[in-house]
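Welcome to this short briefing on a protein chain. Take a moment to look over the sequence and turn the model around on your screen before reading on.

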Amino acid sequence: MRLSSVLKLLLVLFASAYGNKQKLNRCFNKALNSGLVTNDFPTIVMHGIHSLTMENLRHYFDPFAPSTVKIPVVNFNLSSEEPAVLSSPPSLPLTNPFTSPAMRALDQVLSHMTDNDFGIRNAPPMERVVHALHMLEIWEWAADHFRQLRESRPGILQDICPCLADVEHNNITTAMTFLSRKMRNREAIWRYGSPAAYTNFFFRPSWRPIRPVAFESIESEFFVRSLGQVVSNTDAPATNLTNEAEWEIWKEKMDMRPTRESHSRQLAIFLYCALM
């Protein structure tokens, strides 16, 4: 192939890539202008899907969800040999006589209660149980919105779903990778109220270079709380969960009432788009 032909081919490839990036950015802008999603959509989705299993996905959202659906999750297996983020929710079949999601979640946690390479490293069983039940509530809220979307099938989603479901370019996979590092940390326990829980990821134009760690992340105005006070050192862990007073702090941290409607709707929109 002559040099001129090679240059022409490179120009064609460059033009195509640039065109795709421009198209993706227009999709981001249209999504934000629609009012259906907010700029912290990647953070909201990260929280909603990070511990989703295929059994959860099929129970709450789509009983026929394919095993290859592109919904990244933190790998439950925290061993260093395993990838930190999976491209699809794993199947974690359980052996138990239970029928309710809560009891199945309890079995999933307690069946690994002494396994420090499963779920959340260094977290006591009580904290893992609370996290598992909290996520069931998140999916229950989102399931109602998901059903409404499946019934109404809004036309606008046909236009914006391509970028909302493009986890490699909309910062969702990046956010998940960041969270996975926190959950695999051998030196500290990841909890709600820790810096990891209050780091926001936003839509990123696809042509911007990827920087290590958290790129467009910011720490929120919330501080880490210990028992009875606000701590200015945001590197300190949140309080333990060993008594009633500490549980009151945990309840406050998990209070999602101010954002419940918006976050549930946006999680449902992502899952709707991913499962289209």
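This is a predicted model: local features need pLDDT of at least 70, side-chain atom pairs count only at pLDDT 80 or more; totals for chains, interfaces and linings use all residues.

**The overall picture**

- Let's begin with how the chain meets itself: among contacts between residues at least 6 apart in sequence, 68% join residues at least 24 apart.
- The largest nonpolar core has 60 residues, and helix H5 (residues 125-152) gives the most to this core, with eleven residues.
- Leu-57, Phe-270 and Leu-271 are the residues with the most contacts inside that core.
- As background, nonpolar side chains tend to be buried together in soluble globular proteins.
- What does Leu-57 touch, not counting residues up to four places away in sequence? The list is Leu-52, Asp-62, Ala-65, Val-69, Ile-71, Pro-89, Leu-271 and Leu-275.

- Helix H2 spans residues 41-49 and is mostly covered, with nine of its nine residues buried.
- Those buried residues of H2 are Phe-41, Pro-42, Thr-43, Ile-44, Val-45, Met-46, His-47, Gly-48 and Ile-49.
- How do H2 and H9 lie, roughly parallel or roughly perpendicular to each other? Their axes come within 9 Å and cross at roughly 80°; an angle of 65 to 115 degrees counts as roughly perpendicular, and therefore H2 and H9 are roughly perpendicular to each other.
- On the H2 side, Phe-41, Ile-44, Val-45, Gly-48 and Ile-49 take part in the meeting, while H9 brings His-263, Gln-266, Leu-267, Phe-270 and Leu-271.
- The residues of this contact of H2 with H9 divide into seven nonpolar, three polar and no charged.

**Two residues of helix H5**

- His-131 is found in helix H5 and counts as buried because its relative accessibility is 9%, which is under 20%.
- The side chain of His-131 makes a polar contact with the side chain of His-50, at 2.9 Å.
- Ile-138 also lies in helix H5, and at 6% relative accessibility Ile-138 counts as buried.
- Leaving aside neighbours within four places in sequence, Ile-138 is in contact with His-47, Gly-48, Met-256 and Leu-267. His-47 and Gly-48 are among the buried residues of H2, and Leu-267 is one of the H9 residues that meet H2.
- Ile-138 and His-263 are 125 residues apart in sequence, and their C-alpha atoms are 9.1 Å apart in space.

**Residues in the loops**

- Val-167 touches Lys-70, Pro-72, Ile-172, Thr-173 and Phe-270, not counting residues up to four places away in sequence. Phe-270 is one of the residues with the most contacts inside the largest nonpolar core.
- From C-alpha to C-alpha, Val-167 and Pro-72 are 7.8 Å apart in space, and they are 95 residues apart in sequence.
- Ser-88 lies in the loop between strand S2 (85-86) and helix H4 (101-110), and at 13% relative accessibility Ser-88 counts as buried.
- Which backbone oxygen does the side chain of Ser-88 reach? The side chain of Ser-88 reaches that of Val-69, at 2.6 Å.
- Ser-88 is in contact with Ser-67, Thr-68, Val-69, Lys-70, Ile-71 and Val-73, leaving aside its neighbours within four places in sequence.

**Two asparagines with a positive phi**

- Asn-122 has a positive phi of about 70° although it is not a glycine, and Asn-171, which is not a glycine either, has a positive phi of about 85°.
- Asn-122 has its place in the loop between H4 and H5, whereas Asn-171 is found in the loop between helix H6 (156-164) and helix H7 (172-183).
- Asn-122 is partly exposed, with a relative accessible area of 28%, but Asn-171 counts as buried at 0% relative accessibility.

Conventions:
Residues are numbered from 1 along each chain as its sequence is written. Side-chain values use heavy atoms; hydrogens and water are left out. Helices (H or I, at least four residues) and strands (E, at least two) are DSSP runs, numbered from the N terminus. Buried means under 20% relative accessible area, exposed over 50%, partly exposed in between (1.4 Å probe, protein chains only). A polar contact is a pair of N or O atoms within 3.5 Å; within protein, one must be able to donate a hydrogen and the other to accept it, and residues adjacent in sequence count only if both atoms are side-chain atoms. Contact means heavy atoms within 4.5 Å. Axes are lines fitted to C-alpha atoms, for helices over the stretch in contact, and angles run from 0 to 180 degrees between N-to-C directions. Angles under 35 degrees count as roughly parallel, over 145 as roughly antiparallel, 65 to 115 as roughly perpendicular and the rest as oblique. Ala, Val, Leu, Ile, Met, Phe, Trp, Tyr, Cys and Pro count as nonpolar, Asp, Glu, Lys and Arg as charged, and the others, Gly among them, as polar. A nonpolar core is a set of buried Ala, Val, Leu, Ile, Met, Phe, Trp, Tyr and Cys residues joined through side-chain atoms within 4.5 Å.
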